[in-house]
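Here are my notes on the sheet and its surface. Please read them against the model below.

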Amino acid sequence: MKAIVMEVNDKNIIIMKSNGEFAKIRTNKEFKVGDEIDSSLFEKHLILSNLFNTSKVMIMRITSVAAALILIFGMAYGAYSYNVPYSYISIDINSSIEIIVNRYDRIIGLEGIDDDGKIIAGGLSSYKHTLFNKGIQDIINSAVQEGYINKEKDNTVFMTLSSKDHNKMDQLDKILETTVSEQIQSTGVNAELYIEKVSVEKHMEAEKLGISPGKLVIIEKLKEKEPEAEIRNYAEATVNEIMNNMKDSTKEEIFRNRMKKDTDAPENKNTEGKNTKDENNDNSMKDNKSEVKNNKNESKGNKREANNKEANNKK
């Protein structure tokens, strides 16, 4: 087999064999590009060719395997992280429901905490993998249809939110308030909305007690006002019943009703007071002016009377 010298270095040359394969050989002989050499020479000195080709093939194989492993591990991590609970949302009406959300804000689990909650959860078959706010809209609608939220009564929707990421919890809180308040208004029911942020540990504690995190939060805050209150005394009561039995002053002091849009009230009140004050000042000024005018007229009358009297005396 013949070969042609394609490149010459200090101690190595690169040749192209008659079959089109390239090889690198070490030799002390002097060659120049274009020389034709016999197979006996390059077969004898072919000490780098196999290594060169083998290394090239090995690198390609290692690269391919590494790329495949990265892809496999990436897909595995994505699948794992998708199915890992990241945030928890509990909804207490006359029923209690819990939504489990992944880090991508998708629902991966929904379950009823009490019997009524299980009825609502059982009727929501297409919740999985939907965005959590869409799932909550469906829950509110279902609660209205099943009568758990009644248009003829005052209702309470109490929600708790917990997440492994505090920043994430703040984001979810804003989305929850907007979503639920708009959904309540669209259904035409009269309801108070409360949303409390709690730790994941508090969520797990409620789970061990067999009650919703919302109920646990309400009872604990009640105990701050009423130290004699016991969890077991409220275990069978619904959140709606507990909140309805609570004094309005206590309720407003402990929780914030998200359905109340009263941020502009102080400003309006101040403006109204200012307008009233200005109006009173204007009336007072008008009265003072009238009084001054009357005094002035009275003074002129007295002066005219004195002049007339003096004229009569001269006569």
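1. I13 stands opposite I25 in β3. The strands here are DSSP runs of E, at least two residues long, numbered from the N terminus. β2 (residues 12-17) and β3 run antiparallel and are joined by 5 bridges. Two strands count as paired if DSSP finds at least two bridges between them.

2. This is a predicted model: local features need pLDDT of at least 70, side-chain atom pairs count only at pLDDT 80 or more, and totals for chains, interfaces and linings use all residues. Residues are numbered from 1 along each chain as its sequence is written, and side-chain values use heavy atoms, with hydrogens and water left out.

3. The open sheet has 4 strands in the order β3-β2-β1-β4, with antiparallel pairing. Its edge strands are β3 and β4 (36-38), each pairing on one side only. On average, neighbouring strands are turned by 40 degrees against each other, direction ignored. The axes are lines fitted to C-alpha atoms, with angles from 0 to 180 degrees between N-to-C directions.

4. β1 and β4 pair in the antiparallel sense over 3 bridges. There, I4 has E36 of β4 as its bridge partner.

5. β3 (residues 22-26) has two faces. A23 and I25 make up the covered one, while F22, K24 and R26 make up the uncovered one. In a regular strand, side chains alternate between the two faces of the sheet.

6. M6 lies in strand β1 (residues 2-8). M6 counts as partly exposed because its relative accessibility is 38%, between the limits for buried (under 20%) and exposed (over 50%), with a 1.4 Å probe and protein chains only.
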